[in-house]
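Subject: Structure handover

Hello,

Please find the structure below, with the sequence. Notes on what was found follow it.

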Amino acid sequence: MGVIIEFEPVGLRLEAETGQTVMQAARAMFTPESGGISAPCGGKGLCGRCRVRLVEGEFSSPNEVEVRLLGKKGLEEGYRLACQAVIIGPAKVEIPPEALTGRQKLQLDGTDAAVVPEPTIKRYNIPLKTTSVDYPYSTWQQVEVFLAQNYGLSGLRIDSGLIGRVEALAGDDPITVSIRGREITNAFLTGGMRKPVGLAVDLGTTKIAGFLVDLETGATLAAEGILNPQIAYGEDVISRLAYALEKEEQYSLITQVLREGLDRLLYTLCGAAGVVPEDVEEAVIVGNTAMHHLLLKLPVSQLARSPYVPAVTLPVEIKARDLGLGMAFGAVAYLVPAVAGFVGGDHVAMILSSRIHEARGVTLGLDIGTNTEIVLARDGEMISCSCASGPAFEGAHIQQGMRAIDGAISRVEVAEGGLKLHYETIGNSPPVGICGSGILDAVAGLYRAGVINYNGRLDANHPRVRFNGERKVAEYVLVPSEESGVDRDIVITQKDISEIQLAKAAIAAGTKVLLEKAGLKEEDIERVIVAGAFGTHLRLESAVAIGMLPDLPLERIQQVGNAAGAGARMILLSETERRRAEEIARNIKYVELAAMPEFGDNFLDQVRFPE
């Protein structure tokens, strides 16, 4: 009997047979090119490397091999061996990073605005003398006196954990201290000094982008992206908030896995840049309000119900070590303030880096993702909203959808009235599914070709449209099984089209509400800024064709990549930009769409495709 198995974090779903092992099911879905579950021993139960975690559902009872290789603790935490666990019903399975082969295409780059480095961290080189009877001054006392006499710095504080470290450096060798405001946060021998380094993080619902930055020059030393490890506990923020609110230990768990993921990202970045994590002296983190609260373990019950009020909308500074980050002992993590329940610091960072707050005329900015934040600016006055565009753009809720890993169809060209098409896959691998940009292209192309009408219905008489299964669900055959990498047809179903309609309608309706609030029309928009990972890879003409973006000349629309990540770097590098970001957060006028009847009316109007 066939049951649905969902694999995270890649976002793939497939119908597997009961009695199969998880490994057998995965092999039917993944290809060598697209990755899958690591199995160095070939799935013989010898290496224990194919660990997966059962998030939902049920497998067969653990066998002797799993008991031996996973141990009691591993089994209690939900881990199983993919080559041994037998499927007995529907399940959701998390593939840990160490067991996942293949790599998701994560958007890191963004458009950087020029910033003159003026970081919060200042360094001072201090000569020392050996403490003796004739010179009875501790290292810390010498630091105090030297800074007061030479730089006018008095009334300094020191992080308690650094007192012993400073004293341990006593001798005749000069030392360097790092000072943030009035607090000493790091100290080391000057002879072994390395460049001052900071960490900028764009903490997304699905993806996390990290950047290691030279605080003196502003250069990005390393950049890396990972999938948010909380995906296993919910694809969107609402489901994660619900999970956190069920039990205190569940909240602790999803906070812990997020912090551990950030620490792994830090160490990866440091390895790539050739620096040690203990020399990373400042972090800036931007994220939506839910991610901000879940990272800090703030109260979230009020975020899950109307009117969706954040626990705090002020900037938050916290010791990096309290977030589990292995940075300099006294290092501080600065979290950019949220605006409202569903407009967070990442939106502020996007506005900052794209300079929307300074633009003359009318500018529309969209950061497209699982939640899409929209800002409408006219001569410096800004109004914003957030709409739940849903995870369809990440490939979720699409029958053969997947995230952007090798083998995902990412571009589609429809020709000859939908009889023929050309597609591209990530990594040029055999197609195994379709990611967000691919499904958007396909739906737009089929609509233009007349295979889909303006209500979103497939043409039942088209040669490539069929009705599948007992439910007689209409589906368009995108890739026949002989061309695919999974020995089955890759299709777009009527339900898939509906998911795209709902996602694009939310964005279009949110845009229309902001225009109405400002007394403007679509044609008044002089520039459109499209940000975010999905926003970077979508084809603009496809987004316009289905009505997701305003029907404007394409030259007015600019794709800026990971603008939130770029903003995080600017805030890390410059105290002036940090104050500017705080000002943006204070000045944005927020519109709560859920409280506006006109949003519902606009949403229903926008579900249809433009005639």
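Which residues in H8 meet which residues in H13? The model is a predicted one, and in it the H8 side of this contact consists of Asp346, Ala349, Met350, Leu352 and Ser353. On the H13 side are Ala563, Ala564, Ala566, Gly567, Ala568, Met570 and Ile571. By class, the residues of this contact divide into 9 nonpolar, 2 polar and 1 charged.

As for geometry, two packed helices are described by the angle between their axes and the distance between the axes. Helix H8 covers residues 345-354 and helix H13 covers residues 563-573. Their axes come within 7 Å and cross at roughly 80°. Angles of 65 to 115 degrees count as roughly perpendicular, so H8 is roughly perpendicular to H13.

The largest cavity holds about 390 Å³ of space. Its lining is made up of 25 residues, and the closest to the cavity centre are Asp202, Gly204, Lys207, Asp367 and Ala533.

Three elements are listed as giving two or more residues to this lining: strand E12 (197-203), strand E13 (207-214) and helix H11 (533-537). E13 supplies the largest share, 3 residues. Sorted by class, the lining of the largest cavity has 8 nonpolar, 11 polar and 6 charged residues.

Regards

How values were computed: Residues numbered from 1 in each chain as written. Predicted model: local features only at pLDDT ≥ 70, side-chain atom pairs only at ≥ 80, totals over all residues. Heavy atoms only, no water. 1 Å grid on protein atoms, 1.4 Å probe; cavity = no way out; pocket = protein on both sides within 12 Å on 5 of 7 lines; lining within 4 Å. Points joined across faces, edges and corners; volume = space filled by probe spheres on them. Helix = DSSP H or I, 4+ residues; strand = E, 2+ residues; numbered from the N terminus. Nonpolar A, V, L, I, M, F, W, Y, C, P; charged D, E, K, R; others polar. Axes fitted to C-alpha atoms, helices over the stretch in contact; angles between N-to-C directions. Parallel < 35°, antiparallel > 145°, perpendicular 65-115°, else oblique. Contact = heavy atoms within 4.5 Å.
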